Amino acid sequence: MKTLRLLLSLVIALATCTPVAAEHYKPHISVGAHGGATMSMMAFSPGIKQSFSQGLTMGASFTYAEERHVGLRAELNLVQRGWAENYEDLPFQYSRKFTYISVPMLTHIFFGSRKIKCIFNLGPEVSYMIGKSISSNFDYRNIGSVEGYPSSRHTDQLTLDVANRFDYGITAGAGAEYVINRRNSIQLEIRYYFGIGNVFPSQRTDTFHGSRCMDLALTLGYKFRLK
């Protein structure tokens with residue numbers, strides 16, 4: 001009998017508390033905008049001597065959160081990726097940029113106080129290249145005529161044509177959100193992207209077996225709660 005009473009008490013307690021908990025949290029929908037800077041490189045195989053290339057990123061976001069700490073976040077971004085050749089102490093400069101329209105579809109995790117929350121975003125991302133540019137202080141198309149250029153370096157990547165404008169990969173980020181009031185908040189986030197697709201030709205007879213984009217992005221964003 002004691003066991004039965006205990007079970008009945010638990011059922012009654014749960015039945016009483018559940019509506020209160022459900023009433024306490026209200027699902028919300030938010031839209032926002034963000035912008036910042038990227039630091040990118042390429043995962044070449046075989047590798048080359050390179051350093052980070054600086055670029056820009058900006059975009060819009062849509063967030064839907066039905067659970068207390070988990071939601072879904074979709075973005076439409078403009079992002080610059082690429083790489084810069086590392087010539088160490090030599091007086092040569094070469095960098096290559098690719099401009100993408102990207103669409104991340106993310107799991108959005110958030111927790112903390114009413115004013116300050118920690119945020120984590122993780123998920124797949126698809127991109128399409130809409131532009132490309134090269135900056136150089138030497139004739140990279142005629143390396144043999146460039147005096148003092150190191151003969152031991154890979155040079156094919158300087159002139160290779162893009163084989164794949166479409167890219168896909170995984171992105172993950174972490175940051176903080178400051179809630180100004182019920183409708184308005186600002187977010188600071190650092191995010192890492194690693195591409196799975198190859199930018200340049202990657203057949204057995206090609207110079208590179210892998211040429212994947214990767215970048216770090218630091219963004220500041222604004223979010224407006226619609227519901």
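This is a predicted model: local features need pLDDT of at least 70, side-chain atom pairs count only at pLDDT 80 or more; totals for chains, interfaces and linings use all residues.
Me: What share of the residues of the protein chain counts as buried?
Reply: A residue is buried under 20% relative accessible area, exposed over 50% and partly exposed in between, with a 1.4 Å probe and protein chains only. Of the 227 residues of the protein chain, the share that counts as buried is 38%.

Me: Over how many bridges do S5 and S6 pair?
Reply: Two strands pair if DSSP finds at least two bridges between them. S5 and S6 form a hairpin with 3 residues between them, and within this pair Pro104 stands opposite Glu125 in S6. The two strands run in the antiparallel sense, and the number of bridges over which S5 and S6 pair is 17.

Me: Which residue in S8 does Tyr178 stand opposite?
Reply: Strand S6 (residues 116-136) and strand S7 (residues 166-179) pair in the antiparallel sense over 13 bridges, and there Ile116 stands opposite Tyr178 in S7. S7 also pairs with S8, again in the antiparallel sense, over 11 bridges, and these two strands form a hairpin with 4 residues between them. In S8, the residue opposite Tyr178 is Ile186.

Me: Which residue in S5 does Arg81 stand opposite?
Reply: S4 and S5 run antiparallel and are joined by 13 bridges. In S5, the residue opposite Arg81 is Phe98.

Me: How much space lies in the largest cavity?
Reply: On a 1 Å grid over the protein atoms alone, a cavity is a set of points where a 1.4 Å probe fits but cannot get out, and lining residues have an atom within 4 Å of a point. Grid points are joined across faces, edges and corners, and a volume is the space filled by probe spheres set on the points. The structure holds 1 cavity of 30 Å³ or more, and the space in the largest cavity is about 250 Å³.

Me: Which strand gives the most to the lining of the largest cavity?
Reply: The lining has 26 residues, of which His34, Glu75, Asn77, Arg191 and Thr219 lie nearest the centre of the cavity. Strands that each supply at least two residues of this lining include S1 (28-45), S4 (70-85) and S8 (184-195). With 7 residues, the strand that gives the most is S9.

Me: Why does Gly221 count as buried?
Reply: Gly221 has its place in strand S9, where the residues that Gly221 touches (heavy atoms within 4.5 Å), not counting residues up to four places away in sequence, are Ala33, His34, Ser185, Ile186 and Gln187. The C-alpha atoms of Gly221 and Gln187, 34 residues apart along the chain, are separated by 4.9 Å. Gly221 counts as buried because its relative accessible area is 10%.

Definitions and conventions
Residues are numbered from 1 along each chain as its sequence is written. Side-chain values use heavy atoms; hydrogens and water are left out. On a 1 Å grid over the protein atoms alone, a cavity is a set of points where a 1.4 Å probe fits but cannot get out, and a pocket is an open set with protein on both sides within 12 Å along at least five of seven lines; lining residues have an atom within 4 Å of a point.
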